[in-house]
Amino acid sequence: MLSNIRIVLINTFHPGNVGAIARAMKNMGLSNLYLVDPNDYPSEEATSRAAGAVDLLENATIVSTLEEAIADCSLVVGTSARHRTFQLPLMNARECATTVVQEANQQAVAIVFGREKTGLLNDEIAQCHRQVYIDANDEYPVLNISQAVQIVAYEILMATKDKPQNQDVAQKEYPLKKDMDLFFNHLEETLYDLNFIIRNHPGKVVDKLQRFFNRSRPEKQELGILRGILAAVQREIASPSDSKPEQDKKDH
């Protein structure tokens, strides 16, 4: 189950942080590390800081974009302490761990950490289903990224030991992130076909709908129904009218 939980780091600047994070992960039984466009990697400093967790660095998956890192995940949790103009359902680290452990029994999940100085960008948070924060001193809530990973990883380990709460949980099957992206593309094209939105001036409609569906998280079968509805709408738009209006008949 723990192998289904991946830690995703975006554009890390200091290679020492990557090594420290690998060590923090291995301390808590996690091994699945994804690096999105790291600034300096591989690095001797990362290897030195990893100590006995060099195997995590050697087996880390390096990708260019967040989309690649989470495409096959059913649940994506973004870490951020900042208030956003659009806010996802919030969880603290303990609540996050319980949710992640339950879903990781069957499907891959990702916990995404942003850059050391700026964190996650809004468009990156928009690709997540949930947001996790770590309770800290209000006067100084800033954590080093390796500390943040250590806390979240510790709560995950504790959640795996909390058998009365996590055993025999009814598992729902959720679509993967790449399947949701195909749905969003399908939805956008259908809205264009309906002239509900204009290609040259789409506005924010599709972005808002994407946030809505990411918050609500339709199950796999529900997503299939939605795709079927969109396909039926597109067929109806494309099919020629079987009969002309009465005025047109009179004119001919």
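Predicted model: local features only at pLDDT ≥ 70, side-chain atom pairs only at ≥ 80, totals over all residues.
1. Phenylalanine 213 is buried, at 13% relative accessibility. Its partner in an aromatic pair is phenylalanine 212, which is partly exposed, with a relative accessible area of 41%. The geometry of this pair is edge-to-face: the ring centres are 5.1 Å apart and the planes make an angle of 70°.

2. In total, the structure holds 3 aromatic pairs. One of them joins phenylalanine 183 and phenylalanine 184; the pair is tilted, with 5.7 Å from centre to centre and 50° between the planes. Phenylalanine 183 is buried at 2% relative accessibility, and phenylalanine 184 is buried at 5%. Phe183, Phe184, Phe212 and Phe213 together make up one aromatic cluster.

3. A ring also takes part in an arrangement of another kind. The charged end of arginine 217 sits over the ring of tyrosine 174, and the distance to the ring centre is 3.8 Å.

4. Histidine 186 belongs to helix α9 and is buried, its relative accessible area being 13%. Which side chain makes a polar contact with the side chain of histidine 186? The partner is glutamine 234, at 2.9 Å. When residues up to four places away in sequence are not counted, histidine 186 touches Arg227, Leu230, Ala231 and Gln234.

5. Salt bridges deserve a separate point. Side chains of opposite charge can pair when their charged atoms come close. The structure holds 8 salt bridges, including one between arginine 94 and glutamate 155, whose closest N and O atoms are 3.1 Å apart.

6. Glutamate 189 pairs with arginine 199, and their closest N and O atoms are 3.0 Å apart. This pair links distant parts of the chain: glutamate 189 is in helix α9 (residues 177-193), while arginine 199 is in the loop between α9 and α10 (205-216), 10 residues apart. Glutamate 189 is partly exposed, at 33% relative accessibility.

7. Helix α5 may be examined as a unit. The helix has 12 residues and reaches 16 Å from its first C-alpha to its last, close to the 16 Å expected at 1.5 Å a residue. At the start of α5, asparagine 92 places a side-chain oxygen within 3.1 Å of the backbone nitrogen of arginine 94. The buried residues of α5 are Ala93, Cys96, Ala97, Thr98, Val100, Val101, Glu103 and Ala104. An α-helix has 3.6 residues a turn, so residues three or four places apart point the same way.

8. Where along the chain does alanine 53 find contacts beyond its neighbours within four places in sequence? Alanine 53 is in contact with Ala22, Arg23 and Lys26. The C-alpha atoms of alanine 53 and alanine 22 are separated by 5.9 Å, although these residues are 31 residues apart along the chain. Alanine 51 is also placed in the loop between α2 and α3; its phi is positive, about 55°, although alanine 51 is not a glycine. Alanine 51 is partly exposed, at 40% relative accessibility.

9. Asparagine 11, in the loop between β1 (5-10) and α1 (15-27), has a positive phi of about 50° although it is not a glycine. Asparagine 11 is partly exposed, at 27% relative accessibility. The peptide bond from tyrosine 41 to proline 42 is cis, with omega near 0°, and proline 42 lies in the loop between β2 (32-36) and α2.

Notes: Residues numbered from 1 in each chain as written. Heavy atoms only, no water. Salt bridge = Lys/Arg side-chain N within 4 Å of Asp/Glu carboxyl O. Helix = DSSP H or I, 4+ residues; strand = E, 2+ residues; numbered from the N terminus. Buried < 20%, exposed > 50% of the residue type's maximum accessible area, 1.4 Å probe, protein only. Polar contact = N/O pair within 3.5 Å; in protein donor to acceptor, adjacent residues only side chain to side chain. Contact = heavy atoms within 4.5 Å. Phe/Tyr/Trp six-rings, centres within 6.5 Å; stacked < 30°, edge-to-face > 60°. Lys NZ or Arg CZ within 6 Å of the ring centre and 35° of its normal. Expected span 1.5 Å × (residues − 1).
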